[in-house]
Structures are given as structure tokens and as C-alpha cells.
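My notes follow in the order of looking.

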Amino acid sequence: MNALSGSLDLFTPVQILRLLQTTRATGRLEIRRGDERADLFLVDGRSAFALTNVVHVRVGDVLVGGGEIRPEAIELVAAFQQDRPGSPIGRLLVESGAIGPEQLRAAVLEVQRRIMCRVLMWHQGEFAFYPCERADDEDIMLDLDVDRLIVEALRIASEADEGGLLKRAA
């Protein structure tokens, strides 16, 4: 049963997260836009985990982009992953010694940040909050500050808008 639902035409994701933060809510906020869906798990009003059905960036991409690991290592572990279906690639990278647990945690945090920032920019779609639902089966639970995510999403939107203005002026 959901306790809160509506349209993003009336309430922005930022407003919804602010409400849930203020009330220190715990549960799953589902946000849909067309075929895209994001599940944002909150614990005491703080973002704990985010999932999306559309891949924007993966942990391996973040590790390679940050110079933490070479693309060949990702390919090797991905091939090994076929023998262990359901094993997250991050866990396999740590088990193989390719990266440490803190490097994995930082990469997962970055993926989560990017999912959250993307969803905060949505202005159309629907949302529903399901109280008490938790992402307890996740290996890495995060404590993302909603205020910092909002500032980051606004910065990204501002940069995107500036780019659009520059292209039109050229």
C-alpha cells in the first residue's frame, strides 16, 4: 500500500524528497517517467539506495573512468561472472584483488549520485511512496545527503542550460 502518490506535473522530485526528509520517512519512493523507472530507498529521510531500470553508468565505467582499473580487468571479471550468475561485478572485483572495498564503495556511491541527480531533474511522470519497504539485501547501503544531491542536480541543470544557450548563440 502506498501512503503518498501523485504526478510530477504537480510535485517535483525535489519537493517530494524534501517532504520525506522532513518527516524522516523510511520506505521506497518509486518514480516513473515513460518506460523509465527509479526506486529511491530512504531510511529516516536520507537516501540509502537508488535503482533504475535504465543503465546510465555502471560501477565498472566509474572505476575505469577514475583510473582505478583498466578496461581489460573489467572484461576479464565479466567473463568470470558468467560462471557465477547473480554475483555483482563489484564483489568479484574485490574478491579478485583488482580493487579494494573502499574503491568499490566510492564507485557505487558515484553511480547512486548520478541516478539521484538524473531523477531530480524529471518534471513529468508519476510517483508513489511505499512506507517501510527497505533495500536490506544490498551489500552497500549509502547515506546520501538529499540537500547536497539537490545542489548537485541544480548545478548539472545549470551547466546543461548554459550549453544550450551557447549552442543557440553560435
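I took helices (H or I, at least four residues) and strands (E, at least two) as DSSP runs, numbered from the N terminus. This is a predicted model, so I kept to its limits: local features need pLDDT of at least 70, side-chain atom pairs count only at pLDDT 80 or more, and totals for chains, interfaces and linings use all residues. Residues are numbered from 1 along each chain as its sequence is written, and side-chain values use heavy atoms, with hydrogens and water left out.

Entry on helix 4. I then asked which residues of helix 4 are buried. With buried meaning under 20% relative accessible area, exposed over 50% and partly exposed in between (1.4 Å probe, protein chains only), I found Gly-90, Leu-92 and Leu-93. Viewed down the axis of helix 4, these buried residues fall within an arc of 160°, so they line one face of the helix. The arc is that of the directions from the helix axis to the C-beta atoms. Taking contact as heavy atoms within 4.5 Å, I noted that the buried residues of helix 4 pack against helix 2 (59-65), helix 3 and helix 5 (101-120).

Entry on helix 3 and helix 4. I used axes as lines fitted to C-alpha atoms, for helices over the stretch in contact, with angles from 0 to 180 degrees between N-to-C directions. The axes of helix 3 (residues 71-81) and helix 4 (residues 89-96) come within 10 Å and cross at roughly 110°. Helix 3 and helix 4 are therefore roughly perpendicular to each other; the classes are under 35 degrees for roughly parallel, over 145 for roughly antiparallel, 65 to 115 for roughly perpendicular, and oblique for the rest. From helix 3, Ala-73, Ile-74, Val-77, Ala-78, Phe-80 and Gln-81 meet Ile-89, Leu-92, Leu-93 and Ser-96 of helix 4. I sorted the residues of this contact into eight nonpolar, two polar and no charged. For this, Ala, Val, Leu, Ile, Met, Phe, Trp, Tyr, Cys and Pro count as nonpolar, Asp, Glu, Lys and Arg as charged, and the others, Gly among them, as polar.

Entry on helix 1 and helix 5. I read their axes as coming within 8 Å and crossing at roughly 115°. Pro-13, Val-14 and Leu-17 of helix 1 make the contact with Met-116, Val-119 and Leu-120 of helix 5. By class I have six nonpolar, no polar and no charged residues there.

Entry on rings. I paired rings of Phe, Tyr and Trp (its six-membered ring) if their centres lie within 6.5 Å, with planes under 30 degrees apart as stacked, over 60 as edge-to-face and the rest as tilted. I counted one aromatic pair by this rule. The ring centres of Phe-11 and Phe-127 are 6.4 Å apart and their planes are at 90°, so the pair is edge-to-face. Phe-11 sits in the loop between strand 1 (4-7) and helix 1 (13-22), and Phe-127 in strand 5 (residues 126-131), 116 residues apart. Phe-11 is partly exposed at 44%, while Phe-127 is buried at 5%.

Entry on positive phi. Most residues other than glycine have a negative phi. I noted Arg-24, not a glycine, with a positive phi of about 55°. Arg-24 is in the loop between helix 1 and strand 2 (27-33).
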